[in-house]
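This report describes selected features of the structure shown here.

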Amino acid sequence: MQIRLITIAGAVVILMLIIELVRRRKLKEEYSLLWVFTAGIIVVLSIWYSLLVKLTHLIGGTVPSSTLFFFGLIFVTSLLLHFSVRISLLERRITSLVQEIGLLTLTSQEPEVNNAESSRSDRSDQPDS
Amino acid sequence: MNRHIIVIPAFNEGAHVGSVVAGVREVLPEADILVVDDGSSDETSKEAAQAGARVLCLPVNLGYGAALQAGYKWAVRQRYMLLGQLDADGQHSPEHLPRMFETLDREEADVVIGSRFLDGDGHYRPSVARKVGIALFSRVATMVMRQRITDPTSGLQVMRMPVARFFCTEVYPSDYPDADILILLHRSGFRIHEVAVQMSQSSGKSMHRGHHSLYYMYKMWLSILVTLLRRRHIFEARS
């Protein structure tokens, strides 16, 4: 019984923390989704113990707590994967921005090439970004 | 406006970039030269400018591929017709460039690559690991493209503008373009041609400096695999 109370309390604290962070704009709504989802699942499983037991049988576990760890691991892994994807995206954006800074600096140094034609610059090098 | 631009990506090559630029000016006096200073901490920019090149300074170090790509973007926006590229470390001798531009015309190719191994005289001796990598991925590229490729990592190239424009998109890697990019070019309908060139051993630093061989192997296999898995997409902007 005690472990259930602790789990519920922990999940509720995480939920409140997430909402508070979103409120203070320290966390974008987009990133909060996975956290809120996981905290919700933990609350549900802690309250509804028989569901946890059923799930444990379903995945072939022996102890219900291992089921919680199992889902916890899935959560951590998906969050890390999500971050890797975001970092790749950010890296690509930074590369593009740094190149643009270099190009702009060079253009501004050379007024003769910075004519109407090149400032219109049709951006033909970036068809889809 | 000049038709030719020579792009030279440089990272901390203050000792060599000046002579490379001078060498290019000697063989191609008509061409504009753009040195892309990839966030160097030495005198690269100053040396390049003193030798008569235009310098594109990147405020932070992005890597070989991304520095080259910045040069492609400049060339495309400035409406050049033909682009040549060589490394700043003195490994590539500029005197091959005029012949490569001629080949581009004569063979009606879109890209001409200077190959260290095509003439087979063994003048260029890379380390064993590099040799294995180059041999392996040349084979893979040759097989996939049904066209003999001997030196997919060569940074000595000349190309027509549609290729440079293609390289300005996100297809281009920020680290090192290799066999994967050649396969992608081939699948996108570009014509590739190799010519034999002589290269010196450079300053001891390979183009793949900081590249761990294992990571390199892994990256190339993965990159070639996903290139082949992607839908074949003929680049529209050709001609």
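The text below treats chain A briefly and then turns to a strand and a helix pair of chain B.

This is a predicted model, in which local features need pLDDT of at least 70, side-chain atom pairs count only at pLDDT 80 or more, and totals for chains, interfaces and linings use all residues. Residues are numbered from 1 along each chain as its sequence is written, and chains are lettered from A and ligands numbered from 1 in the order in which they are written.

Chain A has five helices and zero strands; helices (H or I, at least four residues) and strands (E, at least two) are DSSP runs numbered from the N terminus. Of its 129 residues, 12% count as buried, that is, with 20 or more other C-beta atoms, placed from the backbone, within 10 Å of their own.

In chain B, strand β6 (residues 157-160) is covered on both faces: B:Q157 and B:M159 on one side and B:V158 and B:R160 on the other are all buried. Its pairings (at least two DSSP bridges between two strands) are listed here.

| Strand of chain B | Sense with β6(B) | Bridges |
|---|---|---|
| β4 (residues 82-85) | antiparallel | four |
| β5 (residues 111-115) | antiparallel | three |

B:L83 stands opposite B:M159, while B:I113 has B:Q157 as its bridge partner.

Helices α5 (residues 128-145) and α7 (residues 179-187) of chain B pack at about 10°, with axes 10 Å apart; axes are lines fitted to C-alpha atoms over the stretch in contact, and angles run from 0 to 180 degrees between N-to-C directions. α5(B) and α7(B) are therefore roughly parallel, the term for angles under 35 degrees.

How values were computed. Parallel < 35°, antiparallel > 145°, perpendicular 65-115°, else oblique.
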